[in-house]
Amino acid sequence: LLLNKTREFPNGLANSSGQVGQNLTSHFGLTVTAFFPQLKHRDASNDDGTDYYHGLLSGLYWDEPSKNFEGTYQVQCGSGLHPNNPRDLYVPGFGSALKRELKEKAICSANMNMQGALLASPKKYVDLDPDRTDRFGLPLPRIHLHYEDNDVAMAKDMVQTSEEIITAARGEVIFKPREISPETLAIDYNHWVGTMRMGADPKTSVLNADGQSHDIANLFVGDSSVFSFNPEKNPTLTNIALSWRMSERLAAKARKGELA
Amino acid sequence: VSLQRREFFAILGICAASAETMFAQHRHGVEDDDSVFAAYRPRALTQPEYELLDQLTETLLPADQTGPGAHEAHVAYYVDVVLYHSSATIRQTWKTGLALVEKLADERFGQGFGACSRSQRQDVMAAFAKNEMAPQTDADRFFVEFKRMAIDGFYASQLIQREHLGYRGNTAIPEFPGCTHTEFEHLDTA
(Lines give C-alpha, C1' and ligand atoms only; values in the text may rest on other atoms or scores of the structure.)
Protein backbone atom coordinates (compact mmCIF):
# COMPACT_ATOMS: atom_id res chain seq x y z
CA LEU A 1 0.00 0.00 0.00
CA LEU A 2 2.84 2.39 0.79
CA LEU A 3 4.31 1.68 -2.64
CA ASN A 4 1.09 2.74 -4.35
CA LYS A 5 1.10 6.52 -4.13
CA THR A 6 -1.41 8.36 -6.28
CA ARG A 7 -2.67 11.90 -6.56
CA GLU A 8 -5.63 10.91 -4.40
CA PHE A 9 -3.43 9.00 -1.92
CA PRO A 10 -0.08 10.81 -1.80
CA ASN A 11 1.00 8.88 1.35
CA GLY A 12 0.08 5.47 -0.07
CA LEU A 13 -3.12 3.65 -0.82
CA ALA A 14 -5.76 3.68 1.94
CA ASN A 15 -3.47 5.80 4.08
CA SER A 16 -5.37 9.02 4.66
CA SER A 17 -4.94 8.36 8.38
CA GLY A 18 -1.16 8.04 8.09
CA GLN A 19 -1.47 4.81 10.07
CA VAL A 20 -0.42 2.31 7.37
CA GLY A 21 2.84 0.79 8.60
CA GLN A 22 2.37 2.14 12.13
CA ASN A 23 1.81 0.23 15.41
CA LEU A 24 4.07 -2.65 14.49
CA THR A 25 4.56 -5.01 17.40
CA SER A 26 5.33 -8.60 18.26
CA HIS A 27 6.09 -10.72 21.28
CA PHE A 28 9.44 -10.81 22.95
CA GLY A 29 10.97 -12.50 25.90
CA LEU A 30 13.69 -14.44 27.60
CA THR A 31 14.10 -17.69 29.52
CA VAL A 32 14.99 -18.62 33.07
CA THR A 33 16.07 -22.22 33.66
CA ALA A 34 15.88 -23.93 37.04
CA PHE A 35 16.95 -27.17 38.68
CA PHE A 36 14.91 -28.93 41.37
CA PRO A 37 17.21 -31.24 43.36
CA GLN A 38 14.32 -32.92 45.16
CA LEU A 39 13.25 -34.47 41.83
CA LYS A 40 16.62 -36.09 41.09
CA HIS A 41 15.45 -39.65 41.52
CA ARG A 42 11.96 -39.41 40.16
CA ASP A 43 10.57 -41.72 37.48
CA ALA A 44 11.10 -39.92 34.18
CA SER A 45 10.24 -42.89 31.99
CA ASN A 46 7.73 -41.00 29.89
CA ASP A 47 7.54 -37.25 30.16
CA ASP A 48 5.89 -36.54 26.84
CA GLY A 49 3.37 -33.76 27.13
CA THR A 50 5.31 -31.80 29.72
CA ASP A 51 7.19 -29.51 27.38
CA TYR A 52 6.31 -25.85 26.88
CA TYR A 53 2.63 -24.91 27.27
CA HIS A 54 1.64 -27.68 29.64
CA GLY A 55 2.04 -25.10 32.37
CA LEU A 56 0.99 -21.57 31.56
CA LEU A 57 1.32 -18.75 34.07
CA SER A 58 -1.27 -16.28 32.85
CA GLY A 59 -3.43 -13.42 34.05
CA LEU A 60 -0.59 -11.47 35.65
CA TYR A 61 -1.45 -7.81 36.21
CA TRP A 62 -4.92 -8.15 34.71
CA ASP A 63 -6.64 -7.02 37.91
CA GLU A 64 -3.91 -4.78 39.22
CA PRO A 65 -1.62 -3.23 36.60
CA SER A 66 2.07 -3.05 37.37
CA LYS A 67 3.45 0.25 38.62
CA ASN A 68 6.62 -0.28 36.59
CA PHE A 69 5.30 -1.02 33.11
CA GLU A 70 2.20 -1.05 30.95
CA GLY A 71 0.72 -4.35 29.73
CA THR A 72 1.34 -7.91 30.78
CA TYR A 73 3.07 -11.14 29.83
CA GLN A 74 2.56 -14.86 30.19
CA VAL A 75 5.12 -17.43 31.29
CA GLN A 76 5.29 -20.71 29.40
CA CYS A 77 6.69 -23.42 31.63
CA GLY A 78 8.39 -26.51 30.26
CA SER A 79 9.71 -29.38 32.32
CA GLY A 80 10.41 -33.08 32.18
CA LEU A 81 12.95 -35.23 30.43
CA HIS A 82 13.27 -34.40 26.75
CA PRO A 83 16.16 -35.19 24.43
CA ASN A 84 16.77 -31.52 23.67
CA ASN A 85 17.04 -30.53 27.35
CA PRO A 86 20.79 -30.96 27.84
CA ARG A 87 21.81 -28.26 25.36
CA ASP A 88 20.22 -25.59 27.55
CA LEU A 89 21.56 -26.67 30.92
CA TYR A 90 24.86 -24.74 30.77
CA VAL A 91 26.80 -27.37 32.68
CA PRO A 92 30.51 -26.51 32.70
CA GLY A 93 33.37 -29.00 32.28
CA PHE A 94 33.78 -32.26 30.39
CA GLY A 95 34.10 -36.00 30.79
CA SER A 96 32.07 -38.36 32.96
CA ALA A 97 31.28 -35.57 35.41
CA LEU A 98 29.67 -33.59 32.59
CA LYS A 99 27.67 -36.61 31.45
CA ARG A 100 26.45 -37.33 34.98
CA GLU A 101 25.41 -33.75 35.65
CA LEU A 102 23.66 -33.35 32.28
CA LYS A 103 21.67 -36.52 32.89
CA GLU A 104 20.80 -35.55 36.45
CA LYS A 105 19.70 -32.04 35.55
CA ALA A 106 17.85 -33.09 32.41
CA ILE A 107 15.48 -35.10 34.59
CA CYS A 108 14.72 -32.36 37.10
CA SER A 109 15.06 -29.06 35.27
CA ALA A 110 12.37 -26.65 34.13
CA ASN A 111 12.28 -23.63 31.88
CA MET A 112 10.19 -20.52 32.35
CA ASN A 113 9.87 -18.67 29.07
CA MET A 114 8.37 -15.21 28.92
CA GLN A 115 6.00 -14.08 26.19
CA GLY A 116 5.35 -10.37 26.52
CA ALA A 117 3.88 -7.89 24.07
CA LEU A 118 6.09 -5.06 22.89
CA LEU A 119 4.25 -1.88 23.68
CA ALA A 120 3.01 -0.27 20.47
CA SER A 121 4.55 3.16 20.10
CA PRO A 122 5.47 5.74 17.43
CA LYS A 123 8.99 4.27 17.49
CA LYS A 124 7.86 0.92 16.07
CA TYR A 125 6.75 0.99 12.45
CA VAL A 126 7.47 -0.02 8.85
CA ASP A 127 8.24 2.46 6.10
CA LEU A 128 9.97 2.55 2.71
CA ASP A 129 13.71 2.95 2.42
CA PRO A 130 14.44 6.20 0.56
CA ASP A 131 17.80 4.87 -0.70
CA ARG A 132 17.77 1.10 -1.09
CA THR A 133 15.75 -0.71 -3.75
CA ASP A 134 15.12 -4.31 -4.76
CA ARG A 135 16.05 -5.85 -8.13
CA PHE A 136 12.94 -4.31 -9.69
CA GLY A 137 13.96 -0.84 -8.55
CA LEU A 138 11.24 -0.67 -5.91
CA PRO A 139 12.01 0.74 -2.45
CA LEU A 140 12.78 -1.87 0.21
CA PRO A 141 10.75 -1.90 3.43
CA ARG A 142 12.46 -0.77 6.62
CA ILE A 143 11.44 -2.21 9.97
CA HIS A 144 11.88 0.15 12.89
CA LEU A 145 11.79 -1.91 16.03
CA HIS A 146 13.27 -0.64 19.25
CA TYR A 147 12.98 -2.03 22.72
CA GLU A 148 11.91 0.72 25.06
CA ASP A 149 12.05 1.23 28.82
CA ASN A 150 8.61 -0.35 29.22
CA ASP A 151 9.74 -3.55 27.45
CA VAL A 152 12.90 -3.87 29.54
CA ALA A 153 10.96 -3.21 32.76
CA MET A 154 8.50 -5.98 31.85
CA ALA A 155 11.35 -8.43 31.23
CA LYS A 156 12.98 -7.57 34.56
CA ASP A 157 9.68 -8.22 36.31
CA MET A 158 9.39 -11.62 34.60
CA VAL A 159 12.83 -12.72 35.78
CA GLN A 160 12.10 -11.55 39.31
CA THR A 161 8.71 -13.32 39.36
CA SER A 162 10.23 -16.54 37.98
CA GLU A 163 13.02 -16.48 40.55
CA GLU A 164 10.48 -16.04 43.35
CA ILE A 165 8.47 -19.04 42.09
CA ILE A 166 11.59 -21.20 41.67
CA THR A 167 12.88 -20.31 45.13
CA ALA A 168 9.49 -20.97 46.72
CA ALA A 169 9.50 -24.40 45.07
CA ARG A 170 12.99 -25.07 46.54
CA GLY A 171 14.66 -24.93 43.13
CA GLU A 172 17.94 -23.39 42.02
CA VAL A 173 18.26 -21.02 39.08
CA ILE A 174 20.67 -22.54 36.54
CA PHE A 175 20.40 -19.86 33.92
CA LYS A 176 19.09 -16.34 33.57
CA PRO A 177 20.37 -13.45 31.45
CA ARG A 178 23.43 -11.84 33.02
CA GLU A 179 21.80 -8.49 32.48
CA ILE A 180 18.41 -7.56 31.10
CA SER A 181 18.86 -5.11 28.27
CA PRO A 182 17.65 -4.79 24.67
CA GLU A 183 20.61 -6.97 23.65
CA THR A 184 19.50 -9.95 25.76
CA LEU A 185 15.84 -9.92 24.71
CA ALA A 186 14.62 -12.14 21.87
CA ILE A 187 11.92 -11.09 19.42
CA ASP A 188 9.31 -13.61 18.28
CA TYR A 189 9.48 -13.79 14.49
CA ASN A 190 6.12 -15.55 14.23
CA HIS A 191 3.87 -13.13 16.08
CA TRP A 192 4.03 -9.89 14.12
CA VAL A 193 0.85 -7.83 14.42
CA GLY A 194 -0.21 -4.28 13.56
CA THR A 195 0.55 -1.82 10.70
CA MET A 196 -3.10 -1.72 9.46
CA ARG A 197 -5.04 -1.23 12.66
CA MET A 198 -8.82 -1.28 12.78
CA GLY A 199 -10.87 1.32 14.61
CA ALA A 200 -14.00 3.44 14.55
CA ASP A 201 -12.28 6.72 13.67
CA PRO A 202 -10.97 7.05 10.06
CA LYS A 203 -8.54 9.69 11.28
CA THR A 204 -6.70 7.30 13.59
CA SER A 205 -7.21 3.88 11.99
CA VAL A 206 -6.88 2.24 8.56
CA LEU A 207 -9.78 -0.23 8.68
CA ASN A 208 -13.23 -0.44 10.22
CA ALA A 209 -14.35 -3.34 12.40
CA ASP A 210 -15.17 -5.40 9.29
CA GLY A 211 -11.58 -5.22 8.06
CA GLN A 212 -12.69 -2.81 5.35
CA SER A 213 -10.61 0.24 4.43
CA HIS A 214 -12.09 3.52 5.59
CA ASP A 215 -10.83 5.06 2.34
CA ILE A 216 -11.52 2.44 -0.32
CA ALA A 217 -14.81 0.48 -0.15
CA ASN A 218 -13.58 -2.61 -1.98
CA LEU A 219 -10.31 -3.01 -0.09
CA PHE A 220 -10.40 -5.54 2.78
CA VAL A 221 -7.61 -6.91 4.95
CA GLY A 222 -7.68 -10.30 6.61
CA ASP A 223 -4.57 -10.98 8.67
CA SER A 224 -2.93 -9.96 11.92
CA SER A 225 -1.96 -6.55 10.58
CA VAL A 226 -5.48 -5.40 11.55
CA PHE A 227 -4.75 -5.73 15.29
CA SER A 228 -4.97 -2.47 17.16
CA PHE A 229 -3.32 -3.95 20.23
CA ASN A 230 -1.17 -6.96 21.00
CA PRO A 231 -2.09 -8.97 24.07
CA GLU A 232 0.34 -11.45 25.60
CA LYS A 233 -1.55 -14.34 24.00
CA ASN A 234 -0.73 -16.02 20.70
CA PRO A 235 -2.43 -14.12 17.85
CA THR A 236 -3.53 -16.97 15.56
CA LEU A 237 -7.06 -17.63 16.84
CA THR A 238 -7.91 -13.92 16.98
CA ASN A 239 -6.46 -13.57 13.50
CA ILE A 240 -8.66 -16.41 12.21
CA ALA A 241 -11.79 -15.03 13.92
CA LEU A 242 -11.27 -11.54 12.51
CA SER A 243 -10.47 -12.85 9.03
CA TRP A 244 -13.53 -15.10 9.13
CA ARG A 245 -15.75 -12.19 10.11
CA MET A 246 -14.16 -10.01 7.44
CA SER A 247 -14.91 -12.62 4.76
CA GLU A 248 -18.56 -12.91 5.83
CA ARG A 249 -19.05 -9.14 5.88
CA LEU A 250 -17.28 -8.82 2.53
CA ALA A 251 -19.60 -11.42 0.98
CA ALA A 252 -22.68 -9.75 2.48
CA LYS A 253 -21.67 -6.33 1.17
CA ALA A 254 -20.85 -7.74 -2.25
CA ARG A 255 -24.29 -9.36 -2.45
CA LYS A 256 -25.87 -6.01 -1.66
CA GLY A 257 -23.78 -4.33 -4.38
CA GLU A 258 -22.00 -2.09 -1.88
CA LEU A 259 -18.50 -2.71 -3.17
CA ALA A 260 -18.80 -1.28 -6.64
CA VAL B 1 21.39 -28.83 -0.57
CA SER B 2 20.63 -32.50 -1.03
CA LEU B 3 20.84 -35.35 1.40
CA GLN B 4 21.58 -38.83 0.14
CA ARG B 5 18.82 -41.28 1.01
CA ARG B 6 21.07 -43.45 3.18
CA GLU B 7 22.40 -40.37 4.91
CA PHE B 8 18.88 -39.15 5.51
CA PHE B 9 17.89 -42.43 7.11
CA ALA B 10 21.09 -42.50 9.15
CA ILE B 11 20.24 -39.08 10.57
CA LEU B 12 16.73 -40.30 11.21
CA GLY B 13 18.31 -43.18 13.04
CA ILE B 14 20.38 -40.81 15.15
CA CYS B 15 17.32 -38.74 15.90
CA ALA B 16 14.87 -40.62 18.05
CA ALA B 17 12.11 -38.41 16.72
CA SER B 18 12.01 -40.60 13.63
CA ALA B 19 11.00 -44.21 13.66
CA GLU B 20 9.73 -43.88 17.21
CA THR B 21 6.74 -41.95 15.98
CA MET B 22 5.57 -44.98 14.02
CA PHE B 23 3.92 -48.03 15.41
CA ALA B 24 6.33 -50.76 16.31
CA GLN B 25 5.41 -53.00 13.41
CA HIS B 26 6.28 -50.22 11.00
CA ARG B 27 9.70 -49.52 12.43
CA HIS B 28 12.72 -50.26 10.35
CA GLY B 29 16.18 -50.98 11.60
CA VAL B 30 17.85 -47.90 10.14
CA GLU B 31 18.88 -46.67 13.59
CA ASP B 32 20.98 -49.79 14.05
CA ASP B 33 22.59 -49.69 10.63
CA ASP B 34 26.23 -49.13 11.61
CA SER B 35 27.34 -49.85 8.05
CA VAL B 36 26.21 -46.33 7.13
CA PHE B 37 28.64 -44.87 9.62
CA ALA B 38 31.43 -47.30 8.83
CA ALA B 39 31.25 -46.49 5.13
CA TYR B 40 30.96 -42.76 5.68
CA ARG B 41 33.75 -40.53 4.45
CA PRO B 42 33.74 -36.98 5.84
CA ARG B 43 32.75 -34.27 3.44
CA ALA B 44 33.07 -31.06 5.46
CA LEU B 45 36.27 -32.05 7.24
CA THR B 46 39.35 -33.90 6.07
CA GLN B 47 39.84 -37.46 7.31
CA PRO B 48 42.48 -36.38 9.91
CA GLU B 49 40.20 -33.56 11.11
CA TYR B 50 37.30 -36.01 11.34
CA GLU B 51 39.35 -38.45 13.40
CA LEU B 52 40.50 -35.64 15.67
CA LEU B 53 36.89 -34.54 16.11
CA ASP B 54 35.90 -38.10 17.02
CA GLN B 55 38.66 -38.23 19.66
CA LEU B 56 37.72 -34.81 21.02
CA THR B 57 34.03 -35.61 21.32
CA GLU B 58 34.84 -38.91 23.06
CA THR B 59 37.01 -37.00 25.56
CA LEU B 60 34.16 -34.54 26.10
CA LEU B 61 31.52 -37.25 26.47
CA PRO B 62 33.30 -40.56 27.15
CA ALA B 63 32.00 -44.10 27.38
CA ASP B 64 31.78 -44.94 31.08
CA GLN B 65 29.65 -46.78 33.60
CA THR B 66 26.69 -44.52 32.79
CA GLY B 67 26.60 -45.63 29.16
CA PRO B 68 28.08 -45.24 25.69
CA GLY B 69 30.22 -42.27 24.69
CA ALA B 70 30.33 -39.85 21.78
CA HIS B 71 32.24 -42.25 19.51
CA GLU B 72 29.58 -44.93 19.76
CA ALA B 73 26.89 -42.27 19.32
CA HIS B 74 28.52 -41.15 16.05
CA VAL B 75 28.77 -37.55 17.14
CA ALA B 76 31.59 -36.79 14.67
CA TYR B 77 29.33 -37.99 11.85
CA TYR B 78 26.55 -35.72 13.09
CA VAL B 79 28.88 -32.71 13.21
CA ASP B 80 30.37 -33.38 9.79
CA VAL B 81 26.93 -33.66 8.18
CA VAL B 82 25.79 -30.44 9.85
CA LEU B 83 28.97 -28.67 8.75
CA TYR B 84 28.62 -30.00 5.22
CA HIS B 85 25.27 -28.24 5.01
CA SER B 86 26.53 -25.08 6.75
CA SER B 87 28.22 -22.02 5.30
CA ALA B 88 31.88 -22.02 4.25
CA THR B 89 32.56 -19.52 7.05
CA ILE B 90 31.26 -21.91 9.71
CA ARG B 91 33.20 -24.83 8.22
CA GLN B 92 36.37 -22.74 8.30
CA THR B 93 35.73 -21.80 11.93
CA TRP B 94 35.70 -25.51 12.81
CA LYS B 95 38.81 -26.28 10.78
CA THR B 96 40.66 -23.41 12.44
CA GLY B 97 39.39 -24.47 15.86
CA LEU B 98 40.49 -28.07 15.39
CA ALA B 99 43.93 -26.85 14.32
CA LEU B 100 44.11 -24.81 17.53
CA VAL B 101 43.49 -27.96 19.57
CA GLU B 102 46.26 -29.80 17.73
CA LYS B 103 48.57 -26.87 18.43
CA LEU B 104 47.60 -26.94 22.10
CA ALA B 105 48.39 -30.67 22.32
CA ASP B 106 51.70 -30.16 20.57
CA GLU B 107 52.69 -27.32 22.90
CA ARG B 108 51.91 -29.36 26.00
CA PHE B 109 53.06 -32.83 24.99
CA GLY B 110 55.05 -32.48 21.78
CA GLN B 111 52.57 -34.57 19.79
CA GLY B 112 49.15 -34.43 18.21
CA PHE B 113 45.96 -35.00 20.22
CA GLY B 114 45.46 -38.44 18.68
CA ALA B 115 48.87 -39.63 19.90
CA CYS B 116 48.24 -38.42 23.46
CA SER B 117 47.37 -40.77 26.29
CA ARG B 118 43.94 -40.64 27.93
CA SER B 119 45.20 -38.44 30.78
CA GLN B 120 47.08 -36.17 28.35
CA ARG B 121 43.91 -35.75 26.29
CA GLN B 122 42.05 -34.80 29.46
CA ASP B 123 44.78 -32.28 30.24
CA VAL B 124 44.42 -30.70 26.79
CA MET B 125 40.64 -30.67 27.13
CA ALA B 126 40.90 -28.97 30.52
CA ALA B 127 43.05 -26.22 29.00
CA PHE B 128 40.66 -25.97 26.05
CA ALA B 129 37.64 -25.65 28.39
CA LYS B 130 39.06 -23.37 31.07
CA ASN B 131 37.29 -20.16 29.97
CA GLU B 132 34.05 -21.62 28.68
CA MET B 133 31.88 -19.56 31.02
CA ALA B 134 33.57 -16.30 29.95
CA PRO B 135 35.24 -16.95 26.59
CA GLN B 136 37.93 -14.48 25.57
CA THR B 137 39.99 -16.01 22.78
CA ASP B 138 39.15 -17.71 19.48
CA ALA B 139 39.99 -21.06 21.10
CA ASP B 140 37.65 -20.30 24.03
CA ARG B 141 34.82 -19.38 21.69
CA PHE B 142 35.41 -22.45 19.56
CA PHE B 143 35.22 -24.68 22.63
CA VAL B 144 31.77 -23.28 23.45
CA GLU B 145 30.59 -23.93 19.88
CA PHE B 146 32.22 -27.36 19.77
CA LYS B 147 30.66 -28.42 23.07
CA ARG B 148 27.21 -27.18 22.15
CA MET B 149 27.12 -29.05 18.86
CA ALA B 150 28.67 -32.17 20.37
CA ILE B 151 25.98 -32.21 23.08
CA ASP B 152 23.32 -31.73 20.40
CA GLY B 153 24.68 -34.68 18.42
CA PHE B 154 25.14 -36.84 21.50
CA TYR B 155 21.58 -36.47 22.76
CA ALA B 156 20.13 -36.68 19.24
CA SER B 157 21.35 -40.27 19.24
CA GLN B 158 18.64 -42.80 19.95
CA LEU B 159 21.23 -44.98 21.63
CA ILE B 160 22.05 -42.22 24.11
CA GLN B 161 18.45 -41.21 24.63
CA ARG B 162 17.43 -44.76 25.48
CA GLU B 163 20.47 -46.23 27.19
CA HIS B 164 22.03 -43.24 28.90
CA LEU B 165 19.25 -40.71 29.41
CA GLY B 166 16.44 -43.18 30.02
CA TYR B 167 14.07 -41.37 27.68
CA ARG B 168 11.01 -43.45 26.90
CA GLY B 169 8.78 -40.88 25.24
CA ASN B 170 7.85 -40.21 21.63
CA THR B 171 6.33 -43.65 21.39
CA ALA B 172 2.95 -44.70 20.08
CA ILE B 173 1.11 -46.67 22.77
CA PRO B 174 -1.93 -48.91 22.14
CA GLU B 175 -3.61 -48.00 25.44
CA PHE B 176 -3.30 -45.27 28.07
CA PRO B 177 -2.67 -46.63 31.56
CA GLY B 178 -3.14 -43.23 33.23
CA CYS B 179 -0.66 -41.72 35.62
CA THR B 180 1.50 -44.50 37.02
CA HIS B 181 3.83 -42.29 39.06
CA THR B 182 3.82 -43.51 42.65
CA GLU B 183 4.44 -39.94 43.84
CA PHE B 184 0.83 -39.12 43.01
CA GLU B 185 -0.86 -42.20 44.46
CA HIS B 186 -2.20 -40.15 47.36
CA LEU B 187 -4.15 -37.90 45.01
CA ASP B 188 -7.75 -38.77 44.27
CA THR B 189 -7.83 -38.46 40.49
CA ALA B 190 -11.06 -40.39 39.96
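**Close-up views of a predicted two-chain model**

A:Phe28 is buried, because its relative accessibility is 2% (buried means under 20% relative accessible area, exposed over 50% and partly exposed in between, with a 1.4 Å probe and protein chains only). The model is predicted, so local features need pLDDT of at least 70 and side-chain atom pairs count only at pLDDT 80 or more, while totals for chains, interfaces and linings use all residues; side-chain values use heavy atoms, without hydrogens and water. Residues are numbered from 1 along each chain as its sequence is written, and chains are lettered from A and ligands numbered from 1 in the order in which they are written.

**View 1. The aromatic pair of A:Phe28 and A:Tyr147**. Rings of Phe, Tyr and Trp (its six-membered ring) pair if their centres lie within 6.5 Å; planes under 30 degrees apart count as stacked, over 60 as edge-to-face and the rest as tilted. By this rule there are 16 aromatic pairs over all chains. The ring centres of A:Phe28 and A:Tyr147 are 5.6 Å apart and the planes stand at 50 degrees, so this pair is tilted. A:Phe28 belongs to strand β1 (residues 27-29) of chain A, and A:Tyr147 to the loop between β7 and α2 (149-168) of chain A; the two are 119 residues apart. Helices (H or I, at least four residues) and strands (E, at least two) are DSSP runs, numbered from the N terminus. A:Tyr147 counts as partly exposed because its relative accessibility is 22%.

**View 2. An aromatic cluster in chain B**. B:Phe128 and B:Phe142 form a tilted pair, with 6.0 Å from centre to centre and 35 degrees between the planes. B:Phe128 lies in helix α6 (residues 118-129) of chain B and B:Phe142 in helix α7 of chain B, so the pair ties together parts that are 14 residues apart in sequence. B:Phe128 is buried, with a relative accessible area of 4%, and B:Phe142 is buried, with a value of 4%. The cluster consists of B:Trp94, B:Phe128, B:Phe142, B:Phe143 and B:Phe146.

**View 3. The crossing of α4(B) and α7(B)**. Two packed helices are described by the angle between their axes and the distance between the axes. Here the axes of helix α4 (residues 75-84) of chain B and helix α7 (residues 138-156) of chain B come within 9 Å and cross at roughly 120 degrees. Axes are lines fitted to C-alpha atoms, for helices over the stretch in contact, and angles run from 0 to 180 degrees between N-to-C directions.

**View 4. The hairpin of β6(A) and β7(A)**. Strand β6 (residues 125-133) of chain A pairs with strand β7 (residues 139-144) of chain A in the antiparallel sense over five bridges (strands pair if DSSP finds at least two bridges between them). A:Val126 stands opposite A:Ile143 in β7(A). Five residues lie between the strands, and A:Gly137 in this hairpin takes a positive phi near 85 degrees.

**View 5. A:Ser16 and A:Lys203**. A:Ser16 lies in the segment before β1 of chain A and counts as exposed, at 53% relative accessibility. A:Ser16 and A:Lys203 are 187 residues apart in sequence, yet their C-alpha atoms are 7.4 Å apart in space.

Note on methods: A crossing is left-handed if the near helix is turned anticlockwise from the far one by less than a right angle, and right-handed if clockwise.
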